[in-house]
Amino acid sequence: MTTDFAATKAFFDLPQGVTYLDGNSLGPLPRAAAARVAATITDEWGQMLIGGWNKAGWMDQPSKVGDRIARLIGAAAGTVVMGDTLSVKVYQALASALDLNPTRRIILSDTGNFPSDLYMAQGLCRMLCQGYELKTVAPEDVLDAIDDTIAVTMITEVDYRTGRKHDMAAITARAHAAGALTIWDLAHTAGALPVDLAGTGADFAVGCTYKYLNSGPGGPAFIYVAPHLANKVNPALSGWLGHDAPFAFDPDYRPGPGIERMRVGTPPVLQLAALEAALDIWDQVDMADLRAASLRLTDQFIAEVEASCPTLALVTPREQSMRGSQVSFSHPQGYAIMQALIAHRVIGDFRAPDILRFGFTPLFTDAADVTRAAETLARIMADKLWDNPVYMTRAKVT
Ligand SMILES: *Cc1c(COP(=O)(O)O)cnc(C)c1O
């Protein structure tokens, strides 16, 4: 398959004149999504009413959509299921992994991990009251910190702030050699670069769909469990739709077959409909083509910004194999610079304390967009356009 990125770009509805480099945080609207969601509302919900669960296939949607995500993350069909938000899926994977490795008490993560993952681990350790503990080390020290005290590693493959990428194969192999399980958070991986969950032997993986996968705000998360573990996992969030026979209404929980047991409650049907429209675009994308295009765009942006903005410091690793699909620069006035850039219709985002973050998404970003973004940033820096009180007041979401 050769991916036609000019064709995929035409499938998105982006505001005129906007260069959108924030698809790593919230993907833009697939043109087909509005009609798809409207049809689900009027033809399915409106006409079928409760019959939609069977007739429109709402009840099977979490596994069907999971199978389509599976292709993008190197997983076999029947190993991925949709539901809830990523934070919840992190908790679920973590509780299951600890239960599978009962003699050990340490969860290993890194200090660059997204806070919600760390918070969920902290909350779970507190709930378990059995001496569980979260240990965090610097990202570059993860491999060496894996020893036979570690129950599970909980690592986000691509750092949300710096774009630094871990070596999934090496960490998974070291963890397994030490008798630890692995949880991979693919929040900044799924739809950003190829992953080979089956090939690397990852035990659990989780991710969200509203970033690179473009399911829209509030889109559901996914969870993967390796096939050899799927029937051994004891779900901590033992909801009725993960039960072996939800409609038997048995008062006692009995886990469903394989990955189905990681379902919790009622699926978000409307959000899944939006995601299905986005996945119709993904069906036309080859992940190797995506990676090649992403590296071209990120290399171009790094080169153009470094040539024109000497006071911005590159935070993202320069080496291609060490990074995902975003580029970050630091500057003490990072917040104001980003606000000025957004006012000039180039949208990236800011992450405390001083990071300007830009996501590169070949599905709808091309070389001309990169040049426009770099030139606009250069003008803002050269003319100090950021030095204006209107760009200094922080909004709730940065
Ligand atoms: C975006 C992100 C989240 C967000 O979790 P939600 O529950 O979907 O809000 C969690 N973890 C990581 C690593 C993320 O990048």
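The protein chain of this predicted model splits into domain 1 (5–29 + 286–391) and domain 2 (57–282), with bounds taken from an automatic or database domain assignment. The C-alpha centres of domain 1 and domain 2 are 29 Å apart. To their contact (heavy atoms within 4.5 Å), domain 1 gives 32 residues and domain 2 gives 22 residues. Residues are numbered from 1 along each chain as its sequence is written. Local features need pLDDT of at least 70 and side-chain atom pairs pLDDT 80 or more, whereas totals for chains, interfaces and linings use all residues, and side-chain values rest on heavy atoms, without hydrogens and water.

Now to the ligand. Around the ligand (a heavy atom within 4 Å) are Thr85, Leu86, Ser87, Phe114, Asp117, Thr156, Asp185, Ala187, His188, Tyr210 and Lys211. This shell comprises four nonpolar, four polar and three charged residues, where Ala, Val, Leu, Ile, Met, Phe, Trp, Tyr, Cys and Pro count as nonpolar, Asp, Glu, Lys and Arg as charged, and the others, Gly among them, as polar.

For Thr85, the corresponding distance to an oxygen of the ligand is 2.8 Å. Of the 390 Å² of accessible area that the ligand has on its own, the protein covers 86% (Shrake-Rupley method, 1.4 Å probe).

Technical notes: A polar contact is a pair of N or O atoms within 3.5 Å; within protein, one must be able to donate a hydrogen and the other to accept it, and residues adjacent in sequence count only if both atoms are side-chain atoms.
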